[in-house]
Amino acid sequence: MSEEVEREDGVSKGRYRIVVDRSEAEMTYSRAGQKLIIIDHTDVPAALRRRKIGEQLVRQAVEDARREGISIIPLSHSRKRR
């Protein structure tokens, strides 16, 4: 897949995003200190499901965290799929 994951990093919040076929998927996070982020939301549009887009977002976050010495806490939400 040639599309690149982009990172937007702010002081207290940030996100990873990828645009594929004009559809945007994102994974957001909040900072919980200098060396800790909480991944709090992931949204992959129906048009992009089953294409491992969410996995790409997670892999980029893990790669960045390892390189920067940051720990990740995933915030889990229970949601019914339709």
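**Salt bridges, pair by pair**

R15 and E8 make a salt bridge, with 2.8 Å between the closest N and O atoms; the term stands for a side-chain nitrogen of Lys or Arg within 4 Å of a carboxyl oxygen of Asp or Glu. Keep in mind that this is a predicted model, where local features need pLDDT of at least 70 and side-chain atom pairs count only at pLDDT 80 or more, while totals for chains, interfaces and linings use all residues. Residues are numbered from 1 along each chain as its sequence is written, and side-chain values use heavy atoms, with hydrogens and water left out.

How do the two partners sit? R15 is buried at 19% relative accessibility (buried is under 20% relative accessible area, exposed over 50%, partly exposed in between, with a 1.4 Å probe and protein chains only). E8, on the other hand, is partly exposed at 37%.

Now look at R17 and E24, whose side chains meet in a salt bridge at 2.6 Å, N to O. R17 is buried, with a relative accessible area of 16%, and E24 is partly exposed at 32%.

Next up is R7, which bridges to D9 with the closest N and O atoms 3.5 Å apart. Here R7 is partly exposed at 29% relative accessible area, and D9 counts as partly exposed too, at 44%.
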